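Me: I want to learn to read helix packing and backbone torsions from a model. Can you take me through one?

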Amino acid sequence: MTLQQLRAVCEIAANDFNASRAALAIHASQPAVSKMLATLESELGAEIFIRARGRIAGLTEFGAKVLTLAKRM
């Protein structure tokens, strides 16, 4: 887990679950942000975001806890 991954989680939530806008905010490409999230979810062993038709639709219950901790960091 890296701070960059946690920052990506915060930015996605702050940008209405839009990974492209979050990528712009952290000066990364959208595929890089998607890879960060996939790696983080793999490391944690749980999904952070709810996905619908290939898009991020919201936070899971676990994701809400991760977001709270990420904001504190």
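Reply: We will go through the helices, their packing and a few loop residues. Keep in mind that this is a predicted model.

Me: Let me start with α4. What should the twelve residues of helix α4 span at 1.5 Å a residue?

Reply: Residues 61-72 make up α4, and they should span 16 Å at 1.5 Å a residue. The end C-alpha atoms are 18 Å apart, which agrees.

Me: What about α1 and its end C-alpha atoms?

Reply: The end C-alpha atoms of α1 are 16 Å apart. Its twelve residues should span 16 Å, so the two agree.

Me: Which residues of α4 are buried?

Reply: Start with the general idea. An α-helix has 3.6 residues a turn, so residues three or four places apart point the same way. Now the case here. Gly63, Val66, Leu67 and Ala70 are the buried residues of α4. They cover an arc of only 105° around the axis, which puts them on the same side of α4.

Me: Which residues are exposed on the other side of α4?

Reply: Glu61, Lys65 and Arg72 are exposed there.

Me: What covers the buried residues of α4?

Reply: The cover includes α1 (3-14), α3 (30-44) and β2 (55-59).

Me: And which residues of α1 are buried?

Reply: Gln5, Leu6, Ala8, Val9, Cys10 and Ile12 are buried in α1. These buried residues pack against α2, α3, β1, β2 and α4.

Me: Now the packing. At what angle do α1 and α4 pack?

Reply: Two packed helices are described by the angle between their axes and the distance between the axes. For α1 and α4 the angle is about 110°, and the axes are 9 Å apart. The pair is therefore roughly perpendicular. Their crossing is left-handed. On the α1 side, the contact is made by Leu6, Val9, Cys10 and Ala13. On the α4 side, Val66, Leu67, Ala70 and Lys71 take part.

Me: How far apart are the axes of α1 and α3?

Reply: The axes of α1 and α3 are 9 Å apart, and the packing angle is about 110°. So α1 and α3 are roughly perpendicular to each other. The crossing of α1 past α3 is left-handed.

Me: Which residues meet between α1 and α3?

Reply: From α1 come Gln4, Gln5, Leu6, Ala8, Val9 and Ile12. They meet Val33, Met36, Leu37, Thr39, Leu40 and Glu43 in α3.

Me: On to torsions. What is the phi of histidine 27?

Reply: Most residues other than glycine have a negative phi. Histidine 27 is not a glycine, yet its phi is positive, about 60°. Histidine 27 sits in the loop between α2 (19-25) and α3. Its relative accessibility is 74%, so histidine 27 counts as exposed.

Me: Where is arginine 53 placed?

Reply: Arginine 53 is in the loop between β1 (49-52) and β2. Its phi is positive, near 55°. At 86% relative accessibility, arginine 53 counts as exposed.

Me: Last, what is alanine 28 in contact with, leaving aside its neighbours within four places in sequence?

Reply: With those neighbours within four places set aside, alanine 28 is in contact with Ala23, Val33 and Met36. Alanine 28 is found in the loop between α2 and α3. It is partly exposed, with a relative accessible area of 23%. Alanine 28 lies 13 residues from asparagine 15 in sequence, and 15 Å from it in space, C-alpha to C-alpha.

Key:
Residues are numbered from 1 along each chain as its sequence is written. This is a predicted model: local features need pLDDT of at least 70, side-chain atom pairs count only at pLDDT 80 or more; totals for chains, interfaces and linings use all residues. Side-chain values use heavy atoms; hydrogens and water are left out. Helices (H or I, at least four residues) and strands (E, at least two) are DSSP runs, numbered from the N terminus. The expected span of a helix is 1.5 Å times one less than its number of residues. Buried means under 20% relative accessible area, exposed over 50%, partly exposed in between (1.4 Å probe, protein chains only). The arc is that of the directions from the helix axis to the C-beta atoms. Contact means heavy atoms within 4.5 Å. Axes are lines fitted to C-alpha atoms, for helices over the stretch in contact, and angles run from 0 to 180 degrees between N-to-C directions. Angles under 35 degrees count as roughly parallel, over 145 as roughly antiparallel, 65 to 115 as roughly perpendicular and the rest as oblique. A crossing is left-handed if the near helix is turned anticlockwise from the far one by less than a right angle, and right-handed if clockwise.
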